[in-house]
Amino acid sequence: MSTHFALKNHFHEGRIVNDRLIFSALFAGLLFIALIARLIVLQVVEFEHFDSLSEQNRVDISSIAPQRGLIYDRNGVLLAENIPTFSLELTPENVPDIEDTLQQLAALFAMTEEDMVDIKEQIKQQRRFRQVILKERLTEKEVAIFSVNRHRFSGVDVVGRLIRHYPQGALFAHTVGYVGRINEQDLQEIDVNNYKGSMQIGKTGIEKQYEELLHGQVGYQQVETNVQGRIVRELNSMPSVSGQDLFLHLDINLQRVAAEAMADFNGAVVAIDPKTGGVLAMVSKPDFDPNEFVLGISSKNYAALRDSPDMPLFNRSLRGRYPPGSTLKPFIALAGLEYGVITEQSKSFCPGWYTLPGQDHRYRCWKSHGHGHMDLKAGIAQSCDVYFYDLANTMGIDRIHSFLDLFRFGRRTEIDLPGESKGLSPSKEWKRASRNKAWYPGETLISGIGQGFNQMTPIQIAHATAVLAMRGIDISPRVARASRPTGQSELQLFPAQTYQTLPMENSRNWEAVIDSMVEVVHGARGSARHIGKDLPFKIAGKTGTAQVFGIKQDEKYDAETLARKLHDHALFIAFAPAENPQFVVAVVVEHGGGGSTMAAPIARKIIDQYFGTAVNE
Amino acid sequence: MNNSLYDRRQPQRWSFTRALRIIHIDALLLLGILMLLAAGLVILYSAADQSTALIIRQLIRMGTAFTVLFVLANIHPDRMRDSAYWLYGVGLILLVAVLVFGHEGKGAQRWLDLGFFRFQPSELMKLAVPLLVASYLAERPLPPTSGRLLVSLAIIIVPSILIAKQPDLGTALLIASSGLIVVFLSGISWRIIFGFIGLSTAALPVLWYVMHDYQRQRVLTFLNPESDPLGSGYHIIQSKIAIGSGGVFGRGWLDGTQSHLAFLPERTTDFIFAVISEEFGLVGVAILLILYLLVAGRGIYIASKAQTSFARLLAGSISLTFLVYVFVNVGMVTGLLPVVGVPLPMISYGGTSMVTLLAGFGILMSIHTHRRMMSP
């Protein structure tokens, strides 16, 4: 009975449980279908989305900074190179106690409280595995000190990297310029992507002008990173392309001689090869050490340079605006010939002064006793002011202005350097526009001797002299001669400068003016005759003395009693050989006194260096 | 003719299946388990960044687990039924002990240090609860009376609450469901079931109130993982990226970037399913899920062929709970369910759950292989 009941019961219970089992199995099947559906949504429908998220997770692009191109002078002497420097760097994640480590390092390396605040700020801002620079440009001694103490500082190390170095120091500070840290302003002007990883950018001079060429092309390294951002492996990479090396027209020997010849005077020297426009020397004094700027100059040193009354950071050869004084006279003379106002033979009488018709004011000649009868050659050779007062007065300022414009006075020479000043070549229109005043005839007179409103930069004066030397061929001056693309051994010359020939009526006029300039150096009464000795060729030159300090009527200029900064500027322009010019030089010596005594000898030294001729002292 | 009679009496021809049967091992179930474990080792090798040491530790655990499986398979189901009260009682005492003396791990007290061996009493309860409920309900005719139903619920709820207090909500829910599955299989009326579901839904706000902060956070994060992408939502976001970027065919074994670059957290344990998805794609995970269904299906078949109600209920509960494990883990990793910390059975790295799972399969084998020897 009980057995029977149990069996029946068992069968019945089996049915109950099995029904529920089937139901459960079906239900579980449904749940698993839901799972599969969910997976299809994630892996098929939204695959693209998650795939790109996954890529973003793991792939990081880091940049490889290119090596900056080197700069050489025309002889292959290095003017700018890249040298390894050592800096002390800290990796926060590897330092057990940052505070303590910094304290100890500060004691070792004499770091200031200010530095420490900076460093702590940087540590806070960066990811913990990125290095923070504690001290730059370690000396060998500091490297040694650290090496001895290294065991005390885990996570701190000396790291080497390449930085710009100018082996010639101050000699090319203005021309080659310098690189510095990239600042906000730079970022707006450059292709930011190409500068990822770069620390430096050209700030002035050739370094700035040829930045694109010198910098090169940034490389990329596509890396896989893990969740902490550490590089696990390289996926692919594009090597950086080093910047091109630059070869300049500049000649270090000439540059050195020019700089030395300037002694401790302020001023500028520009020497040009007139046939190519190549700038052979370009000196601006005083100068400074560009190496200070490479890693960022200290604010104290910068303030000293910036606030110095001698303005060492100011590139006088490009931006210094000087009255050209008598060096303008050959151009005025040429204008006179061209306009037919004078001939080679026509004469003016110089009693020592000049007066405008109906006026009492005496425009004085530098020679108070007067030159007597002056023709073109004598007028230029002896730099007679009266001759040019008369000529200028006859031509009028506007004709002078438009003629001088041909020589790029008042315009940029388009030299391959940044920041060139336009100078100023006055005209009636200019005066009305800028000063809202009428032009006075007297202003024409003093413009005719390169004084008054005239302001020219040394590069402008040198370039105009080159145009004169080339009998009217205008070639823009160039500092850079050639480049050498990465991996090539041959130089790639920059395309020759396009030049234009000045529209002149009579080519004889050139020779008349140039003959007069030869007379300046080689004539018996030439104002620079003392530099014309012992030469196998003829120099054509012109002295200039530019007034800085206004001298009242009937007052006499006395160099002895005037403070040096009120002394006249001394100028000299020259080219040689006169008949087949190969070399042009312009010298401006601030407060040097007379162009004849001060500037001409400097020019001669430079000419001697260029032609290998020696002065017999 | 004589021959045929003679033949019938002769032992049947030797086969591997029958040889296993003699030592109470079910060949089909064993095959499924071995396939899952093998797949698990292959995946774990990749998830653990090719650490052989980890694989060896996992193999040692598997060895232990198989020993337990073999022992249990050779114990008669009736002996298990008899020991249900004892096991449950010991389990309860240990759970209380854990709350008092237990070791903390990840902010939860789950471990009991027995000197040589750290033990999670909740793992014992995973088997003891369905064992006792099945044993208790099978004592009387099915379906159970409402009185026996209430006692069953008490048997389920007491350890669940103790485990939830450790706190280990995931395990508590799994244990509760293993017991509730027994109750469901015992044939209680649908009215009671729906009533219960309605009551549970109504109790949700209460549950919210008693939950720990981190549990509430998990629920909130589950509802909107993007709200906290670097905090608690990070797991699920990275997991979904890993799964989604696997696509149909996956990135290939050892080539999952989410996993190997450590973007994916807990990748050897709770989130190992994301590694599989990333490296083997939809095809790989579909095959894996089918394998799980086949193993559980064999268990359900064993349950349906069982000769006592106790065995039927127990085998059904073990098989279905196994599927619940898989569903909860995959649902969690794919963002369908909140993160409750349930490992992927047979594949996730970790000791005790592997032993418990194979112990369950040992019970299934015992039930299946002791059939003929059971008294009618």
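Modeller: Let's begin at a strand pair: A:I71 stands opposite A:A80 in β3(A). Two bridges join β2 (residues 71-72) to β3 (residues 78-90) in chain A, and the two strands run antiparallel. Strands here are DSSP runs of E with at least two residues, helices are runs of H or I with at least four residues, and both are numbered from the N terminus. Two strands pair if DSSP finds at least two bridges between them.

Biologist: Before we go on, what kind of model is this?

Modeller: It's a predicted model: local features need pLDDT of at least 70 and side-chain atom pairs count only at pLDDT 80 or more, while totals for chains, interfaces and linings use all residues. Residues are numbered from 1 along each chain as its sequence is written, and chains are lettered from A and ligands numbered from 1 in the order in which they are written.

Biologist: OK, back to the strands. How many residues lie between β2(A) and β3(A)?

Modeller: Five, and the two strands form a hairpin. In the turn, A:G76 has a positive phi of about 85 degrees.

Biologist: Which strands pair with β3(A) besides that?

Modeller: β5 (residues 156-165) of chain A pairs with β3(A) in the antiparallel sense over 10 bridges. There, A:P84 has A:L162 as its bridge partner. β4 (residues 132-135) of chain A is also antiparallel to β3(A), joined by three bridges, and A:L90 is partnered by A:V132.

Biologist: Zooming out, how many helices and strands are there in chain A?

Modeller: 21 helices and 23 strands.

Biologist: Which strand is β21(A) joined to, and by how many bridges?

Modeller: β22 (residues 569-576) of chain A, through seven bridges, running antiparallel. A:T543 has A:F572 in β22(A) as its bridge partner.

Biologist: Which residues are buried in α18(A)?

Modeller: In α18 (residues 441-448) of chain A, they're A:T444, A:L445, A:I446, A:S447 and A:G448. Their cover includes α13 (329-339) and α15 (385-395) of chain A. After α18(A) comes A:G450, with a positive phi near 75 degrees.

Biologist: Switching to chain B. How do α13(B) and α14(B) pack?

Modeller: α13 (residues 272-305) and α14 (residues 309-333) of chain B pack at about 165 degrees, with their axes 9 Å apart. They are therefore roughly antiparallel; the cut-offs are under 35 degrees for roughly parallel, over 145 for roughly antiparallel, 65 to 115 for roughly perpendicular, and oblique for the rest. Their contact has 14 nonpolar, four polar and one charged residues. Nonpolar covers Ala, Val, Leu, Ile, Met, Phe, Trp, Tyr, Cys and Pro, charged covers Asp, Glu, Lys and Arg, and the others, Gly among them, are polar.

Biologist: Last one: how many residues of chain B are in contact with chain A?

Modeller: 40 residues of chain B, against 35 of chain A, with contact meaning that C-beta atoms, placed from the backbone, lie within 7 Å. α13(B) gives the largest share of the chain B side, 10 residues. By class, that side has 24 nonpolar, 14 polar and two charged residues.

Note on methods
Axes are lines fitted to C-alpha atoms, for helices over the stretch in contact, and angles run from 0 to 180 degrees between N-to-C directions. Two residues are in contact if their C-beta atoms, placed from the backbone, lie within 7 Å. A residue is buried if 20 or more other C-beta atoms lie within 10 Å of its own, exposed if 12 or fewer, and partly exposed in between; C-beta atoms are placed from the backbone.
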